[in-house]
Amino acid sequence: MSEMVASVRKTFKYTLNPTPAQERALETVLWRCRDLYNAGLEERKLAWEKCRVSVNFAMQSAQLPSIKEVRPEYRDINAQVLQDVLHRLDKTYQAFFQRVKAGETPGYPRFQGRNRYTSFTYPQVGEHGGAVLDGGILSLSKIGRIPLRLHRPLHGTPKTVTISKEADGWYASISCAEVPTEPLPLTGKETGIDVGLKVFLVTADGDIVENPRHHRKAEKGLKKAQRRVSRRKKGSKRWWKAVGQCAKKYQKVKRQRTDFHHKTALALVRQYDTIYLEDLQVRNLSRRPKARPDGNGGYEHNGASRKAGLNKSIHDAGWRSFRIILTCKAVYAGKRVEAIPPAFTTQDCSGCGERVYKSLSVRTHVCPSCGLILDRDENAAVNILREGHSRQALTQPVGAYVA
Ligand SMILES: [Zn+2]
């Protein structure tokens, strides 16, 4: 393909090995950033409730110097780190208003508790930004030199550093620009993929990627840990212990899922040069537009399907992050992922194009017109491939690459 990218932006995540004193310092920065975030949230909330004034990033950022006068401890924190806190808040608000505009009813931005606000970011690497990378050492201004465990080499130019506290310790995620891509050999093959109702995904070739079984096991463990938290007295020693166990379980589930996404994405990118999938629109996630003629295309109209809807939304969250990983991997490998607008990919017959309406419970596509019998998701994947392929033919006339 002509649009080969020579370099990409990529994040490298490393374990940090802080001394106990450095750990306390990191904890303090995190604590103060969270306080600032919550104070900023409160200001926006009050200004709106009391006087219908909407406070923006510039207004809040301009207050930082006076905050430092009243709370001198904030002078110990890099100014750009503080700016980034307000940026995060701003992003949360923008996302909130966007969803309101789209006709949804999102929850109001939330105050962040000790277990929810777990990272802070140096938006610039270098002396001025307060974070300097020096081989295996990350120097943070006013915190000190912290060794990194460099289990894989860093490539490109470091741009930002995010320090996060996870259940088992501290991590540094270094986002680098101009990371050279590593193209994989072209195979001359393309496919469509669709999210399965029972399986993780189905390709147009009929290949199935199952949901890994260990997920369910780990998720069960997580639920158990969550119940333990809710049984104990909030704030008690035993409660905190249960919270810690819960966080560890959650981290495990998250890691397993990400690992599974990476492996699945790599296998697809190795096998195909172009992968087509359906474009995601915010509202499609909970209610996909694969409507039946009676208009009941959703999941929520009886008890059984409500459950399906909940499982579906959890599944959708995973599908969303998988797509991001797949797209990044494809670009990195010199391959392509193309999203096509969702249409009647489930309903239409991939053999003859006839629209064959089917409810969610119908697992198999049976075409009365041409007699094609195919798994429902595979039929959709074939339609996605065909749609993507024909769009390519339209937008890229023959000979476009010759010049
Ligand atoms: Zn047909």
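Student: Which residue in the turn of the hairpin formed by β3 and β4 has a positive phi?

Tutor: This is a predicted model, in which local features need pLDDT of at least 70, side-chain atom pairs count only at pLDDT 80 or more, and totals for chains, interfaces and linings use all residues. Residues are numbered from 1 along each chain as its sequence is written, and side-chain values use heavy atoms, with hydrogens and water left out. The hairpin leaves two residues between β3 and β4, where strands are DSSP runs of E of at least two residues and helices runs of H or I of at least four, numbered from the N terminus. The turn residue with a positive phi, about 60 degrees, is G135.

Student: Which residue of β4 is the bridge partner of V132?

Tutor: β3 and strand β4 (residues 137-140) pair in the antiparallel sense over four bridges; two strands pair if DSSP finds at least two bridges between them. Within β4, the partner of V132 is S139.

Student: Which strands are the edge strands of the open sheet of seven?

Tutor: The seven strands of this antiparallel sheet follow the order β2-β6-β7-β1-β5-β4-β3. Pairing on one side only marks the edge strands, β2 (119-122) and β3 (131-134).

Student: By how many degrees are neighbouring strands of this sheet turned against each other on average?

Tutor: Axes here are lines fitted to C-alpha atoms, for helices over the stretch in contact, and angles run from 0 to 180 degrees between N-to-C directions. For the sheet with the order β2-β6-β7-β1-β5-β4-β3, the average between neighbouring strands, direction ignored, is 30 degrees.

Student: At about what angle does helix α4 run to β2?

Tutor: Helix α4 (residues 79-101) lies across two strands, β2 and β6 (157-166). Relative to β2, the helix runs at about 120 degrees.

Student: Which strands stand at the edges of the open sheet of five strands?

Tutor: This sheet has mixed pairing and the order β10-β9-β8-β11-β12. Each edge strand has a single partner, so one side of each is left without a neighbour in the sheet; these strands are β10 (208-209) and β12.

Student: Which residue of β11 stands opposite T191?

Tutor: Strand β8 (residues 190-195) and β11 pair in the parallel sense over three bridges. In β11, the residue opposite T191 is I275.

Student: Is T274 buried or exposed?

Tutor: T274 belongs to strand β11 (residues 274-278). Setting aside neighbours within four places in sequence, T274 is in contact (heavy atoms within 4.5 Å) with K189, E190, T191, R336 and E338. Buried means under 20% relative accessible area, exposed over 50%, and partly exposed in between, with a 1.4 Å probe and protein chains only. Because its relative accessibility is 2%, T274 counts as buried.

Student: With the side chain of which residue does the side chain of T274 make a polar contact?

Tutor: A polar contact is a pair of N or O atoms within 3.5 Å; within protein, one must be able to donate a hydrogen and the other to accept it, and residues adjacent in sequence count only if both atoms are side-chain atoms. At 3.5 Å, the partner of the T274 side chain is the side chain of R336.

Student: What distance separates the C-alpha atoms of V253 and A218?

Tutor: V253 lies in helix α6 (residues 237-271) and, at 5% relative accessibility, is buried. Beyond four places in sequence, V253 touches A218, E219 and L222. Although V253 and A218 are 35 residues apart along the chain, their C-alpha atoms are separated by 5.9 Å.

Student: What arrangement do the four donor atoms around the zinc ion have?

Tutor: The protein donors, which are N, O and S atoms within 2.8 Å of the metal (3.2 Å for Na, K and Ca), with water not among the atoms, so that sites may look incomplete, are the SG atoms of C349, C352, C367 and C370, at 2.3 to 2.4 Å. Four donors count as tetrahedral if all angles lie between 85 and 135 degrees. Because the angles here are 105 to 115 degrees, the arrangement is tetrahedral.

How values were computed. Four donors count as tetrahedral if all angles lie between 85 and 135 degrees; four count as square planar and six as octahedral if opposite donors are over 155 degrees apart and all others between 65 and 115; anything else is irregular.
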